[in-house]
Amino acid sequence: MIKGNETPLKAQLYSYLAQNYKSTNDLKNYQKYNNLYLAVKDSLSEEENKVLSKTLQILENENRNESQKNKFSLKILLSILLACIIVFVSFVLYFQKKRKKEKLFYQNFIKNLEEKSRPAEMAEEKTIKKSNPSIEITEETEKQIITKLNKFENSDKYLNPNISLPSLASDLKTNTRYLSEIISRHKGKNFNTYINGLRIDYICRNILKDAKFRKYKISAIASLSGFSSGENFSKIFKKTTGISPSVFIENVEKDHKT
């Protein structure tokens, strides 16, 4: 490739060839081209030596810069990899913590459900104390309404999606004010929360004892328990139990496999 007496270029190429062969541990060729480089270099004038040295220095700096760039790229790559590992571990720890929390909610709800299922004579009468009751109800009337409410809870009338405070008050032969007050005093809830709680308890008991309920879609479970939609059911279910319906079913499945 070299035409004419281009001695400086020869020296430059011989130097490169020598260094390349050295880097590949080809000592034979390294020795050959290094000797050629030294021979040519000795024949250069002082001015040509300066030019050659300057050129080789520039090329050496370029190689050094390229090496530094590669090291920098490697550092960036390692940093990204480390960040990915940290994010992954964080997600794993987060989901483990979430699973433990969901399991605790599940166990607490099952415990409360079992307590509610105890025979009436064994269960403790629970009355929510109110410092300023909104209305006065005679003791006899209060007992009658509570007895009727207990019978209502043991039926499946609360699964009716059209049930309302007026319709239930009519069925129990009382008025809406009395019924609302009794539910508030003895259940610590308003009417809607009370009915939804009964529905959630109902469907959870069935999921626990009947495997077919665990196979139903959320929309089907919602319909069976008296809710207008699967979305509304899921929202109220999580508010009541602390976990979603799917997580509840998943935990029940695990308990039945162990």
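Predicted model: local features only at pLDDT ≥ 70, side-chain atom pairs only at ≥ 80, totals over all residues.
Residues are numbered from 1 along each chain as its sequence is written, and side-chain values rest on heavy atoms, with hydrogens and water left out. Local features require a pLDDT of at least 70 and side-chain atom pairs a pLDDT of 80 or more, whereas totals for chains, interfaces and linings use all residues.

The protein chain contains 10 helices and 0 strands, where helices (H or I, at least four residues) and strands (E, at least two) are DSSP runs numbered from the N terminus. Along the sequence the pattern is α-α-α-α-α-α-α-α-α-α. Of the 258 residues, 28% count as buried (under 20% relative accessible area; exposed is over 50% and partly exposed in between, with a 1.4 Å probe and protein chains only). Contacts are taken as heavy atoms within 4.5 Å; among those between residues at least 6 apart in sequence, 67% join residues at least 24 apart.

Helix H4 (residues 139-153) packs against helix H7 (residues 191-209) at an angle of about 40°, and the axes are 11 Å apart. The axes are lines fitted to C-alpha atoms, for helices over the stretch in contact, and angles run from 0 to 180 degrees between N-to-C directions. H4 and H7 are therefore oblique to each other (under 35 degrees is roughly parallel, over 145 roughly antiparallel, 65 to 115 roughly perpendicular and the rest oblique). Leu 149, Phe 152 and Glu 153 of H4 meet Tyr 194, Ile 195 and Leu 198 of H7. By class, this contact of H4 with H7 comprises 5 nonpolar, no polar and 1 charged residues, with Ala, Val, Leu, Ile, Met, Phe, Trp, Tyr, Cys and Pro counted as nonpolar, Asp, Glu, Lys and Arg as charged, and the others, Gly among them, as polar.

Rings of Phe, Tyr and Trp (its six-membered ring) pair if their centres lie within 6.5 Å; planes under 30 degrees apart are stacked, over 60 edge-to-face and the rest tilted. The count by this rule is 12 aromatic pairs. Tyr 21 and Tyr 33 form a stacked pair, 5.7 Å centre to centre with 15° between the planes. Tyr 21 lies in helix H1 (residues 7-23) and Tyr 33 in helix H2 (residues 27-42), so the pair ties together parts 12 residues apart in sequence. Tyr 21 is partly exposed at 26% relative accessibility, while Tyr 33 is buried at 16%.

One aromatic cluster is formed by Tyr 106, Phe 109, Phe 227, Phe 233, Phe 237 and Phe 248. Asn 196, in helix H7, touches Phe 227 and Ile 236, residues up to four places away in sequence not being counted. Asn 196 is buried, at 16% relative accessibility.
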